[in-house]
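We will walk through a few stops together, one selection at a time.

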Amino acid sequence: MKTFKTAVFGTGFVGRVHLEGIRRLGYVQLYAIGEPQIEKANQLAAEFGVEKTEADYRRILEDPAVDAVHVCTPNFMHSPIAKDALEAGKHVICEKPLATSVAQAKELVALAAHTKRRNSTCHNLRFYPMVQHMRRMREDGDLGDILVVQGTYSQDWLLYDTDWNWRADAAANGALRAMGDIGSHWMDAIQHLTGLKITFLCADLQTFHKTRKRPTGSVETFTGKKLTAEDYTATPITTDDFGAVLVRLGDRARGSFAVSQVSAGRKNRFNLEIYGTKGGVAWNQERPDELWIGHRNSPNQLIVKDPSLLHPGAASFADLPGGHSEGYDDTHKQMFRRFYARVADAAAPVEYPTFADGVHGMELLEKVLESSTRRAWVEC
């Protein structure tokens, strides 16, 4: 397979995750890093053996050697960078949300179609082996008709008013934080797994910390727990710490989910439960290799990831044998592998979320905000 050269824009938590995932593919070369804080770019370039760094990402887009880019910046920069990259003829993987408005996101879908560039919104959580096993069970009819979906996505890294991240700032993040950051993953996953679209929802959002103590210096995601009082500036907050949503999927199924970034002790608990007329399944990201399967008239099961025992359609999402854990970083590798397979061959199947999926996710988030503001059910 041809070796592709790729660039990563952004050097925070998720930027590093992308660097790690790309490096594991083998046939994709980490060629360039774009980051305004050039010293951070240079540090990562030295660590990962990257040839080129630029403070201005546009300098990298001018380089004809670059085949694809990964947009891992704060949210408000996603749309302009993705747009510039498509216009420069690059294939694009963009972190979600795709943009800060549905209109911007739709422009990107149209531009990607016009330029005929491969495009992906990074909903990597689809790519756990056991999540794919759930999907194949539903496709095979093992669950029957879907009746109920339930779940949570709970974290604690913004529990205190002294916890800060750029996501707390609506100007950099957009109006929705917990719901936009992790609720978007939950809604994407439940629709991917059930094959049903969310048709109606009723949401309640809450900001517990109306003011947060913003550090005077930069703080990377999931860090900053050891700062002292003199390092802060009091800052008003409008983004959500918590959200709960009632949902209808298709015509019949019903459900609910809640997301939180202030749940003490929950580090990254993404929980999905699906119940049908024949059986149920439940999965938790903090125990990614386990899947609970529920039965009405026989003992329940707890199965452990083993590609030799998974549904054939899910087995290709696992690279390691049973008993060898595959987690969050592996989901990116699996997604990137499928994306670059289609960069190599335009006839390859689209086995990854596209910009169109990103638009749908943003439309749902706008409905969540509308519902919470109106305190009413809304149609999606």
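**Stop one: a pair of strands**

Select Ala244 and then Ala258 of E12, its bridge partner. Strands (E, at least two residues) and helices (H or I, at least four) are DSSP runs numbered from the N terminus. This is a predicted model, where local features need pLDDT of at least 70 and side-chain atom pairs count only at pLDDT 80 or more, while totals for chains, interfaces and linings use all residues. Residues are numbered from 1 along each chain as its sequence is written, and side-chain values use heavy atoms, leaving out hydrogens and water.

Now widen the selection to E11 (residues 242-249) and E12 (residues 253-260): they pair in the antiparallel sense over eight bridges (strands pair if DSSP finds at least two bridges between them).

**Stop two: the sheet**

Show the open sheet of nine strands, in the order E16-E15-E14-E13-E7-E12-E11-E8-E17, with mixed pairing. Which strands stand at the edges? They are E16 (301-304) and E17 (378-379), each with a single partner strand, so one side of each has no neighbour in the sheet.

Next, select helix H11 (residues 355-374), which lies across E8 and E17 and runs at about 55 degrees to E8. Such angles run from 0 to 180 degrees between N-to-C directions, with axes fitted to C-alpha atoms, for helices over the stretch in contact (heavy atoms within 4.5 Å).

**Stop three: two helices**

Finally, select H1 (residues 13-23) and H10 (residues 328-344), whose axes come within 9 Å and cross at roughly 60 degrees. Among the residues making the contact are Phe13 and Val17 of H1 and Tyr328 and Phe336 of H10.
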